[in-house]
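Have the coordinates open and follow along.

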Amino acid sequence: MSTEKLALTTNSSARKPASAGGASNALAADLTRALGPRKVLSNLSERLNYRYDAIQFGATPLAVVLPESTEDVVAAVRASRAAGVPIVGRGAASGLSGGAAPLEPGLVISFTRMTRLTIHPERREATAQAGVVTLAVTEAAKPHGLIYPPDPASFRTSTIGGNLAENAGGPMCFKYGVSGDYVRALEFVDADGEVHRLTRDVFDLAGLLIGSEGTLGLITEATLRLIPPPKFTRTLMAHFPEVGACAEAVSRAIAAGAVPSKLEFMDRACTNAVEDYLHLGLPRDAEAVLLVDTDGEDLDTVQDELRLVEDACVASGGTVRRAATDDEGAQLWRARRSVSPALGRIRPQRMNEDIVVPRSALPDVVREIRALGDASPFRLVQFGHIGDGNLHPNILFDPRTEDAHAVHDLAHRIALVAIRHGGVLSGEHGIGSMKRDFMTDAVDPATMQALRGVKRALDPSGALNPGKILPAEEVMVDG
Amino acid sequence: MNNDIPVQALGGQGEVMAHAVDACVHCGFCLPACPTYALLGDEMDSPRGRIVLMKEVLEGGLPLADAAPHLDRCLGCQACVTACPSGVPYGELITAFRGWSEPQRQRSAFARSKRWAILKALPAPKLFSVAARVGQFAKPLAPVLPAALRGPLDLLPESVPAMQPSAKVTPARGVQRGRVAFLVGCAQQALAPNFNAATLRVLARNGIEVVIPDGQGCCGAAALHTGARDEALKLVRANLDAFNPDDFDAILSNAAGCGAGLKEYPMVLHGEPDETRAKAFAAKVMDISEYLNTLLQNGELEPPVPASRPLTVAYHDACHLAHAQGVRAAPRALLRAIPGVSVLEVPEGDLCCGSAGTYNLEQPELAGQLGARKAKNILSTTADLIASGNIGCHTQIQSHVRRQGSPTPVLHTIEILDRAYRGEL
C-alpha cells in the first residue's frame with residue numbers, strides 16, 4: 001500500500017498480532033537483559049501505544065525503550081543495530097506529520113523519562129535532557145528572570161527533543177525565532193551508538209540535526225539560550241469579513257514598521273471549534289480572526305506598535321478589540337493554542353499542512369486555498385503564524401465516509417499553491433511521512449542528491465527513522 | 001480516532017464508548033493533566049494511551065487481561081476531560097468500559113472478596129461505621145498486616161465520630177426562599193457527620209427548606225466506577241424512585257463524588273427506558289456550592305459574620321467537582337464572601353490527590369505518592385485552613401497533611417461557611 005494511503009487510514013497497517021503478553025522477540029529480551037525490565041516495554045498492550053503520533057497511524061514496534069540516561073540510549077541503539085531493526089525516537093508524540101510514528105516494526109526510544117533540567121542563570125542557559133517538557137524550561141527559568149521563548153501550541157506536552165527534531169516554532173517565532181535559534185550545544189547518539197557533543201562553531205552539525213526528524217541522530221540533551229522576558233506586552237484581536245483582508249492587514253502592518261511578537265490567524269471554522277471548547281465570546285461570524293501581541297522594554301513603544309497594527313487592521317476592513325487585562329490576553333492566546341485539537345470536534349481526522357509563503361503573497365495564497373477548499377467536498381480550515389507566512393491549511397475528514405485519495409490530492413494541490421508562490425512545504429511540523437511525496441515538487445534533483453548524501457554520511461545503513469522526509473529513490477530497471 | 005468498535009453488539013453503552021473513541025485526535029494535550037502519566041511517564045498509563053487500549057480490546061485485537069493493569073491504574077479524575085480541546089468524554093468511556101469488561105475479568109478470591117466488602121460497606125453507613133470502628137482497633141496492628149489492609153487503615157481518622165442522623169425535613173429559618181432535596185451520602189455520614197449538619201444549618205439560615213427523601217441510598221458512583229454495573233443500576237433506579245425532581249428547586253449533594261455520580265445517570269441509562277427520567281433528575285442536581293453561589297450572585301446570600309482575624313484558606317479542587325462537574329468558581333466565591341477570608345491557589349492544583357473513590361484501596365502505592373505530593377503542595381501555601389468539597393479528598397488530604405507533621409485543619413467548604421455564620425471563625 002502506498003505511503004499516503006497508509007497515512008490516511010487508521011487501521012490500514014497490517015492487522016495487529018494477537019498476544020497474551022510477554023517478551024515476544026529476541027530484541028526485547030536483549031534489551032531487558034541490558035537495561036532491566038523497568039525501562040523496556042515488550043507486551044503488546046505496551047507496544048501498541050507507541051505506533052502513533054497525532055496522525056494516528058503506524059507500525060507496532062517490536063520493543064520500546066524508556067531511557068533514563070544517554071548511556072541507556074547508547075545501549076538501546078547498540079542492541080537494535082545488532083538485531084538489524086530500525087530505530088525511531090519519540091518525545092510526547094504530539095507531532096502532526098508522522099515524524100514519531102514508526103513505518104515498520106523496530107525499536108521506539110521514548111524520551112519521556114529523560115527529564116533532567118538545570119538552569120544556569122549566570123550564563124543565561126538551560127541544560128535540558130530530551131524529555132523535558134517545553135513549558136518546564138520557561139517555568140524553571142522564570143524565578144531567575146529569564147524565559148525560553150519557543151512556544152509551540154503543544155508546549156505543555158511536547159518535549160525539547162521533539163521540538164528540536166522538528167525545529168518547532170510557535171506564535172513567538174515572528175519576533176523571537178524558532179527552537180533551533182536557541183540551541184547553543186547538542187548531545188546526540190549516532191546510528192552506531194556513539195555519543196557526540198556539538199557546538200555551533202566549525203561545521204554547524206547541530207544545525208543539521210535540528211529539524212532532521214530523527215533521521216540523522218537521536219538528540220539526548222541540549223544547551224538552550226534563555227532571554228529576559230519583555231517588560232510589557234499588549235494584546236489585540238481583530239476580526240475580518242474575509243480571509244484575504246486579514247492577510248492584507250498583516251502585510252500592511254509589517255510594511256508600516258511594526259514588529260509584533262506574535263501575529264496569529266484563524267479562520268471562521270477554527271474560531272467556532274475553539275468557541276465550542278472555551279466559550280470565550282469570540283466573534284463566531286467573522287471569516288478571519290487575527291491575534292496580535294506587541295512587546296518590549298518601553299510601554300510607549302509597545303503601545304505605538306499596537307496602534308500601527310490596529311490602524312492596518314482597520315484600513316483592511318477589520319474590527320479591533322484590545323485586550324483590557326493580561327488575563328483577557330492570556331485567554332485569547334489559550335484560544336489560539338487550542339485550535340488544532342479543537343478541530344477534532346468537527347471531523348475525526350485531518351490532513352495538516354504546514355506551508356510557508358512570502359508575506360507579500362499571503363493574501364493571494366489564503367484566497368486561493370480558500371477557493372480550493374470551497375470547490376472540494378471537504379471541510380477546509382486555515383490558521384497559522386501568519387506573521388511568518390506560516391499557514392496551516394487543514395483538510396478535515398471522516399475516513400469512514402470520505403475518500404482518502406481525494407484528501408491527499410487536495411493536500412497536494414495546496415502544497416503546489418505554496419510552491420508556486422515561492423514557498424516551502426514545512427515551517428515547523430516537519431515533512432515526516434505525510435508530506436514526503438511532495439518533496440520532489442519542492443526540491444530540485446541536485447539538492448535532493450545533496451540531502452541524500454548527508455543522510456548516507458550520518459546513517460549509512462538507513463536505520464534511523466526510515467521512510468521519513470526523503471522520498472524512496474526510484475529504482476531504474478533497464479528495459 | 002478511527003475504529004471498528006462493534007457498536008451494534010454493545011448496545012447503548014457501546015454508543016457511549018464508540019463516540020468517545022471517535023472524538024480523540026491523539027494530540028497528547030491530556031498527557032500533562034494525567035496523574036499516572038506524571039508518576040510513570042509511559043503512554044499506556046495516559047488518557048490517550050488508555051483510549052487506544054480500550055479501542056483495541058473492544059475491537060477484539062487485544063486481550064482484556066493485557067490492557068487491564070493500565071486501565072485499573074486510571075483514577076477516573078477526569079483532569080484529561082478539562083484539558084481536552086477535542087471534547088472527548090473520557091469519563092463516560094472508562095465508566096462504560098469498566099461496566100462492560102467487569103463480568104469478563106478474572107480476579108483472585110482475595111481480590112473478589114475485597115471488592116465485595118468495599119462495595120457492600122461503602123453504600124451502607126451503619127455497616128461502614130462499624131467497619132471503621134473495628135478498623136480503629138486494628139490500627140496498632142497495621143505494621144504487621146499485609147499492604148492491602150494497611151492502606152485503608154492508614155486513612156481512618158484518629159477517632160470515628162458518632163453517627164448523627166439528619167431530620168427528614170429541616171425547615172427554613174425566616175422567610176422561605178426555596179425547597180431542595182438532599183442526598184445524605186454514605187461513608188461521609190460515618191467519617192464526617194458534621195458535613196451534613198453544617199449543610200442543613202447553612203441552608204436553613206438562608207431560608208431554604210431541606211427534605212431528605214425516604215428510600216434514597218448510595219448514588220452508585222463507587223459501584224459504577226469499579227465496573228459493578230448491575231449493582232450500580234439498582235442504586236440508580238432506587239434514587240430515581242426516591243427523588244421526584246418536580247417537587248424541588250434542586251437536588252443537592254455536598255460530596256463531589258456523589259454529585260458527579262448523580263449527574264451521570266443519563267449516561268448510565270443511555271438507550272434504556274429510564275433515560276428520560278434520568279435526564280429530568282440530573283437536570284436538577286447541583287453541588288451545594290453551586291446552589292449557594294446562585295444565591296450569592298443574586299445578592300440573596302445571608303452575609304456571613306466576618307472572621308475574627310484575617311484567614312487564608314487553601315482551596316483544594318476535588319476532581320469530581322472541578323473536572324467532572326466543572327465547578328471551580330462557586331466554592332471560591334463562597335469562601336471569599338466571608339469578610340476576612342482570602343483564598344490561596346494550590347500549586348499543581350489540577351493534579352488528583354489520589355483518593356479517587358476506591359482507588360486508595362485498590363492502588364495504595366500510587367495513591368500514596370499522589371497524596372504525599374498533594375499535601376506537600378497544599379502545605380507550601382502556608383494557609384491557615386484547608387478546604388475541599390469531597391469526603392474522599394478530605395480523608396486523604398487530612399491523613400497526608402498529618403503525616404507531614406502539620407496540624408492545619410482540613411474542612412469542608414460548607415463547614416467554614418457554617419463556622420462563619422456561627423461567629424466561630
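Predicted model: local features only at pLDDT ≥ 70, side-chain atom pairs only at ≥ 80, totals over all residues.

**The annotated span in chain A**

Let's start with the record. An unreviewed UniProt entry puts the feature "domain: FAD-binding PCMH-type" at residues 57-229 of chain A. In the model, that span is 22% helix and 23% strand, and its end C-alpha atoms sit 39 Å apart.

A:Gln129 belongs to strand β6 (residues 125-129) of chain A. Is A:Gln129 buried or exposed? Its relative accessibility is 4%, so A:Gln129 counts as buried, the cut-off being under 20%. Skipping neighbours within four places in sequence, the contacts of A:Gln129 include A:Glu68, A:Ser69, A:Met114, A:Thr115 and A:Arg116. Also among them are A:Ile160, A:Thr220 and A:Glu221.

Two packed helices are described by the angle between their axes and the distance between the axes. Here are both pairs:

| Helix pair | Angle | Axis distance |
|---|---|---|
| α17(B) (residues 288-297) and α19(B) (residues 329-336) | about 55° | 8 Å apart |
| α11(B) (residues 193-205) and α23(B) (residues 413-421) | roughly 55° | within 9 Å |

α17(B) and α19(B) are therefore oblique to each other, and α17(B) passes α19(B) in a left-handed crossing. On the α17(B) side, the contact is made by B:Ser289, B:Glu290, B:Leu292, B:Asn293, B:Leu296 and B:Gln297. B:Ala330, B:Pro331, B:Ala333 and B:Leu334 make it from α19(B). Sorted by class, this contact has six nonpolar, three polar and one charged residues.

α11(B) and α23(B) are likewise oblique to each other, with α11(B) passing α23(B) in a left-handed crossing. From α11(B), the residues involved are B:Asn194, B:Phe195, B:Ala198, B:Thr199, B:Arg201, B:Val202 and B:Arg205. They meet B:Ile414, B:Glu415, B:Leu417, B:Asp418 and B:Tyr421 in α23(B). By class, that gives six nonpolar, two polar and four charged residues.

**A loop arginine in chain B**

Last stop: B:Arg73, in the loop between α4 (64-72) and α5 (79-83) of chain B. With 24% relative accessibility, B:Arg73 counts as partly exposed.

Definitions and conventions:
Residues numbered from 1 in each chain as written. Chains lettered and ligands numbered in written order. Heavy atoms only, no water. UniProt positions renumbered as here; feature names shortened; annotations may be inferred. Helix = DSSP H or I, 4+ residues; strand = E, 2+ residues; numbered from the N terminus. Axes fitted to C-alpha atoms, helices over the stretch in contact; angles between N-to-C directions. Parallel < 35°, antiparallel > 145°, perpendicular 65-115°, else oblique. Left-handed = near helix turned anticlockwise from the far one by under 90°. Contact = heavy atoms within 4.5 Å. Nonpolar A, V, L, I, M, F, W, Y, C, P; charged D, E, K, R; others polar. Buried < 20%, exposed > 50% of the residue type's maximum accessible area, 1.4 Å probe, protein only.
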